[in-house]
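Please read the points below with the sequence and the model side by side. They begin with one residue and then widen to the whole chain.

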Amino acid sequence: MSELLSTWTDGLIRGIPRVPRCEKCGLWNWYPQPSCRSCQVSEFTWHDIGAEGVVHTWTEVMRAIDSVDGLEPPYVVALVEPVRTPGVRIPMRARRGIGIGDRVAFEPISTPLGPVLEISSTGLLT
Ligand SMILES: [Zn+2]
């Protein structure tokens with residue numbers, strides 16, 4: 001696993017999802033990359049993204065690419081924009097009934113493939 005991905009995964013394991021922000025221009029760089037997508041500087045600070053966001057889009061996976069125990073389809077995946085990181089859209093496990101524009105709370109969970117984020121509740125959040 002790359003160092004960039006392990007920083008993300010370590011944050012999930014500790015219960016603090018974080019994404020990198022460029023030290024020079026302030027752009028959130030998601031997915032993590034060795035240099036900034038805007039200014040190519042390689043200095044980042046990782047920031048806690050909090051636990052709330054807005055659903056950008058979602059889909060229901062009906063057929064698996066690989067067979068993984070505990071992750072059998074069908075299941076729902078959403079792209080969520082955390083409130084603290086405008087423009088960043090992170091894939092998360094979700095439940096049926098989720099809608100585009102829904103305010104959601106999310107949390108790290110453990111899966112057979114490693115830690116991921118999952119939407120834990122929807123509705124009006126603080
Ligand atoms: Zn930059």
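**Notes on the predicted model**

1. Alanine 78 has its place in strand 4, where helices (H or I, at least four residues) and strands (E, at least two) are DSSP runs numbered from the N terminus. This is a predicted model, in which local features need pLDDT of at least 70, side-chain atom pairs count only at pLDDT 80 or more, and totals for chains, interfaces and linings use all residues. Residues are numbered from 1 along each chain as its sequence is written.

2. Is alanine 78 buried or exposed? Alanine 78 counts as buried because it has 26 C-beta neighbours inside 10 Å; a residue is called buried if 20 or more other C-beta atoms lie within 10 Å of its own, exposed if 12 or fewer, and partly exposed in between, with C-beta atoms placed from the backbone.

3. Not counting residues up to four places away in sequence, alanine 78 touches Val55, Trp58, Met92, Ala94, Ile98 and Ile119, a contact being a pair of residues whose C-beta atoms, placed from the backbone, lie within 7 Å. Alanine 78 and arginine 89, which are 11 residues apart in sequence, are separated by 9.2 Å in space, C-alpha to C-alpha.

4. The largest nonpolar core has 15 residues, and those that touch the most other members are Ala78, Val80, Met92, Phe106 and Ile119. Such a core is a set of buried Ala, Val, Leu, Ile, Met, Phe, Trp, Tyr and Cys residues joined through C-beta atoms within 7 Å. Two or more residues of this core are given by each of strand 3, strand 4, strand 5 (90-94), strand 6 and strand 7 (114-122), and the largest share, 3 residues, comes from strand 5.

5. Strand 4 is joined by 8 bridges to strand 3, and the two run antiparallel; strands are said to pair if DSSP finds at least two bridges between them. Strand 3 also pairs with strand 6 (residues 103-111), again in the antiparallel sense, over 3 bridges. Valine 54 takes part on both sides, for its bridge partner in strand 4 is glutamate 81, while in strand 6 valine 54 stands opposite arginine 103.

6. Glutamine 40, although it is not a glycine, has a positive phi of about 65 degrees. Glutamine 40 is found in the loop between strand 1 and strand 2, and it counts as exposed because it has 12 C-beta neighbours inside 10 Å. As background, most residues other than glycine have a negative phi, and most peptide bonds are trans.

7. Taken as a whole, the protein has 1 helix and 7 strands, and from the N terminus on its elements run α-β-β-β-β-β-β-β. Its C-alpha trace spans about 40 × 35 × 25 Å along the principal axes. Buried residues make up 19% of the 126 residues, and among contacts between residues at least 6 apart in sequence, 48% join residues at least 24 apart.

How values were computed. Two residues are in contact if their C-beta atoms, placed from the backbone, lie within 7 Å.
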